[in-house]
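Reader: I am new to this structure. Please show me how to read it.

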Amino acid sequence: MTIAVTGATGHLGRLAVEALLDNGTPAGEIVALVRTPAKAADLTDKGVDVRQADYSDRAALDKALGGVDKLLLVSGSDVGQRVIQHGNVIDAAKAAGVGFIAYTSVLDAQKSPLGLAAEHRATEDLLDGSGIDFALLRNGWYWENYLGAVATAREVGSLFGSAGNGIIAGAARKDYAEAAAAVLVADGQAGAVYELGGDERLTYEQLAEAFSAVVGSPVSYKDLPQDEYAALLEGAGLPAPVAQMLADSDAGVATGALDTQSGDLQKLIGRPSTPVATVLAVSTS
């Protein structure tokens, strides 16, 4: 059984490869698809089959997916290009005879109000029409998304956002990666849909308390209108499309778009999710 992971040098993809190794999948049965093989030298040293492929290079994908039985399609990072890129991967997988795809989507993708959900919905639809067996890993928010806010919180004593009193059920990337690995090695996953979120369901005021513990001084939450928050993020150096996406996602928190009590994540990984405090503490280590 050969299992391939796209974006295997990215944050989630690399963790998924490591999770497969940790759960006993032989390194020789793991294919790591990467843009730059040199960045995966450590995986090659472990015996993982590293193959060069880019989401936008259909010919390379055709070659890289040869002999693959199952595929983890980690959603790409090029917002606005992902439907085309994911379509390339799905078409190449079909041509190569891949029998199963697990795709990292977003919570309640088909109904989500989040702007970033549109590309996930379209990808889910492509999978549905592909004729390939698939499972949907509808990931919630990563606690790591807040690491960049720690320095600001330490400096000004505030956590900024547009989430109102909404609740976010976050988890660590490692949690989602372990869930993906569990699905890839299990039988009978065709048609499965997992709504994945953490045990901690926090408002931003509660999240600010976690920041306080990490920085060692009081941090309060300051709720901003969505456009003001986007401008603040852009002023901090984020590209405008990324700033808009993050502000839109924060506004989605206010409507419950990043909350779930499904318990799917915990069932897949066999343990509670990683606390936000554990993730934020990385910023001080």
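Author: Start at the end of a helix. Helix 8 is followed by G216, whose phi is positive, near 80 degrees. Helices (H or I, at least four residues) and strands (E, at least two) are DSSP runs, numbered from the N terminus. Residues are numbered from 1 along each chain as its sequence is written. This is a predicted model, where local features need pLDDT of at least 70, side-chain atom pairs count only at pLDDT 80 or more, and totals for chains, interfaces and linings use all residues.

Reader: Which residues of helix 8 are buried?

Author: Buried means under 20% relative accessible area, with a 1.4 Å probe and protein chains only. In helix 8 this holds for Y204, L207, A208, A210, F211, S212, V214 and V215.

Reader: What do the buried residues of helix 8 pack against?

Author: Look for contacts, meaning heavy atoms within 4.5 Å. The partners include helix 6 (150-156), strand 7 (158-161) and strand 9 (220-223). Helix 10 (240-254) and helix 12 (276-280) are also among them.

Reader: How many helices and strands does the protein have?

Author: There are 12 helices and 9 strands. Of the 285 residues of the protein, 51% count as buried.

Definitions and conventions: Side-chain values use heavy atoms; hydrogens and water are left out. Buried means under 20% relative accessible area, exposed over 50%, partly exposed in between (1.4 Å probe, protein chains only).
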